[in-house]
Amino acid sequence: MEARVYKNFIGGEFVESSTGKTFERRNPADTREVVGVFQDSGADDVHAAVAAAKAAYPAWSQVPAPRRGEILLKAAEIIQSRKDRYSQDLTREMGKPLFEAGGDIVEAIGMAQYAGSEGRRMHGVTTPSELPNKFQMSIRQPIGVVGLITPWNFPMAIASWKMLPAIVCGNTVVIKPGEDASISTYNLVECLVEAGLPPGVVNIVTGYGPGAGQPLVEHPDVPVISFTGSTDTGRLVYELGARQIKRVSLEMGGKNPLIVMPDADLDLVMEGVVWAAFGTTGQRCTATSRLIVHKDVAGPLVERIVARAQSLRVGDGLQAETEMGPLVNEKQMKRVLGYIELGQQEGATMRCGGGRLTEGALANGHFIQPTVFTGVRPSMRIAREEIFGPVLSVIEVGSLDEAIAVANDVAYGLSASIYTRDINAAMRAMLALQAGIVYINAPTIGAEIHLPFGGVKATGNGHREAGPTMMDVFSEWKSVYIDYSGSLQRAQIDL
Ligand code: NDP
């Protein structure tokens, strides 16, 4: 079957890139299959999309927020009705197994419901004045054209986390999805359009980071950039944005620790670690990549984890029995294999995995074995750098204090977890762990959209997506004072 050609979506029309160039995306489980052909866009395409978003802004920002929200609520129903088809598209484009792809879609449905309902809230603050006959309140206002840059690993969920709060606030949007997984963004936007979103409110420009992402960051008519991706790219986006004093929200890498105390239920830990270290083939920003375990239970726990890792069914995510899919592309596969090589050079012990899988049906995909290293010291690069693959580093410690110190001793701070039955230990860790998200007796993945999502240190720059904080990046506060006394009242003076 001929692969579909996806054109840029600008001002409600599908248009070819002005560069005249396209690129193919291939299925990472079987690279013989082209899943889509996309526009390799350049600065002119970004400029056209920003112009369309700018033209749509005055009318959209005047639509009452509850009406904007209704479009999102309707879109949620449409996405739900297509969940199976969209899950298949998502698995084909980036590789995660169908059951996980379904979770990606469900997150977008949840966000459409949550952000849609916000159209009827969007609370501000009303306070009493310190002066008589004076009323005061604060309101949220939209900002303008918002630029969104997303990665490939949660292609529908992350697009929805940014796009839906942005538009319910009354902004218009230009999105540049990760080049490895653009189809899910088209699927999401298709539902919004069918639900009644006017032309120009959301525009899609596909392409590579430097060619299509950077012109969006640099465009003077785009005052807000919301970016999710690696820390290196995020730093560049931040620097470029700072030159024009833009509001830039960054969600970046992680090196997430999972602490295990001696009183933990080891079978429960094993299940959680295997899910969080090898789910999405380790390509989650919140993946468990460091297992920081008390030495009294390290032996039996590692045995359980290794046994389960070796039994994981690795394969094409479209097959119902598959538990772990391929890595997203060849570059990522080489990078992960490079870290596995490095771990051995650094002196860690490879307890399982380590190799590429090429037998039979796996011959044409980017498959590698789930890999566990023991004897890892906190100073090793495999314990400090984000690998973004199915590689777990096991670090032994002798106390809770040491575990927390090791957990905090990295550049990142997204998600952290502790398994213990001791409430005192759990509470101490909960406060001391340097992370935006902490789990107790659950692994480092599993965030829900009702709470703020984001990280500290090199993971983020102080913003949070989702939860009640989701509109902060996409709206401007305005404080309003109404004096109906008929005389000049001087605040702080006429008390
Ligand atoms: P990248 O940083 O490579 O890319 C992210 C996005 O930025 C892509 O759309 C990319 O385009 C684009 N981009 C690349 N260069 C530029 C540039 N010069 N200017 C503007 N945009 C650019 O990350 P990945 O896509 O590989 O995603 C994996 C990373 O994302 C990991 O580090 C992971 O931890 C992080 N992540 C963080 C999350 C969080 O919430 N904290 C959630 C999920 C992932 P293209 O790829 O098309 O070239």
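## A tour from sheet to sheet and on to the rings

Start with strand β7 (residues 134–141), which is joined to β6 by three bridges, the two strands running antiparallel. Strands (E, at least two residues) and helices (H or I, at least four) are DSSP runs, numbered from the N terminus. Two strands pair if DSSP finds at least two bridges between them.

This is a predicted model: local features need pLDDT of at least 70, and side-chain atom pairs count only at pLDDT 80 or more, while totals for chains, interfaces and linings use all residues. Residues are numbered from 1 along each chain as its sequence is written, and side-chain values use heavy atoms, with hydrogens and water left out.

**First sheet.** Select Thr126; its bridge partner in β7 is Met137. Now show the whole open sheet, three strands in the order β6-β7-β24 with antiparallel pairing. Its edge strands, β6 (126–128) and β24 (476–483), each pair on one side only. From one strand to the next, the twist averages 20°. Such angles run from 0 to 180 degrees between N-to-C directions, and the axes are lines fitted to C-alpha atoms, for helices over the stretch in contact.

**Two domains.** Colour domain 1 (5–252 + 460–479) and domain 2 (256–440) separately; these bounds come from an automatic or database domain assignment. The C-alpha centres of the two domains lie 31 Å apart. Where they touch, 23 residues of domain 1 and 25 residues of domain 2 take part; contact means heavy atoms within 4.5 Å.

Next, select seven strands that form an open sheet in the order β15-β18-β19-β14-β13-β21-β22, with mixed pairing. β15 (349–352) and β22 each have a single partner strand, so one side of each has no neighbour in the sheet. Within the sheet, β13 and β14 run parallel and are joined by five bridges. To see one of the pairings, pick Ile259, whose bridge partner in β14 is Ile292.

Move to β22 (residues 437–440). Its covered face holds Ile437 and Tyr439, and its uncovered face holds Val438 and Ile440. In a regular strand, side chains alternate between the two faces of the sheet. Four bridges join β22 to strand β21 (residues 415–419), and the two run parallel. Ser415 stands opposite Ile437.

**Helix α12.** Select residues 400–408, where Leu400, Ala403, Ile404, Val406, Ala407 and Asn408 are buried. Buried means under 20% relative accessible area, exposed over 50%, and partly exposed in between (1.4 Å probe, protein chains only). The buried residues of α12 pack against several elements, including β14 (288–294), β19 (391–397) and α13 (423–432).

**Rings.** The whole structure holds eight aromatic pairs. Rings of Phe, Tyr and Trp (its six-membered ring) pair if their centres lie within 6.5 Å; planes under 30 degrees apart count as stacked, over 60 as edge-to-face and the rest as tilted. Select Phe23 and Tyr208, a tilted pair at 4.9 Å centre to centre, with 45° between the planes. Phe23 is in strand β4 (residues 22–27) and Tyr208 in the loop between β10 (202–204) and α7 (209–218), 185 residues apart. Phe23 is buried, at 6% relative accessibility, while Tyr208 is partly exposed, at 34%.

Finish with charges over rings. Lys96 lies over the face of Phe154, 3.6 Å from the ring centre, and Arg284 lies over the face of Trp275, at 5.3 Å. The test is NZ of Lys or CZ of Arg within 6 Å of the ring centre and within 35 degrees of the ring normal.
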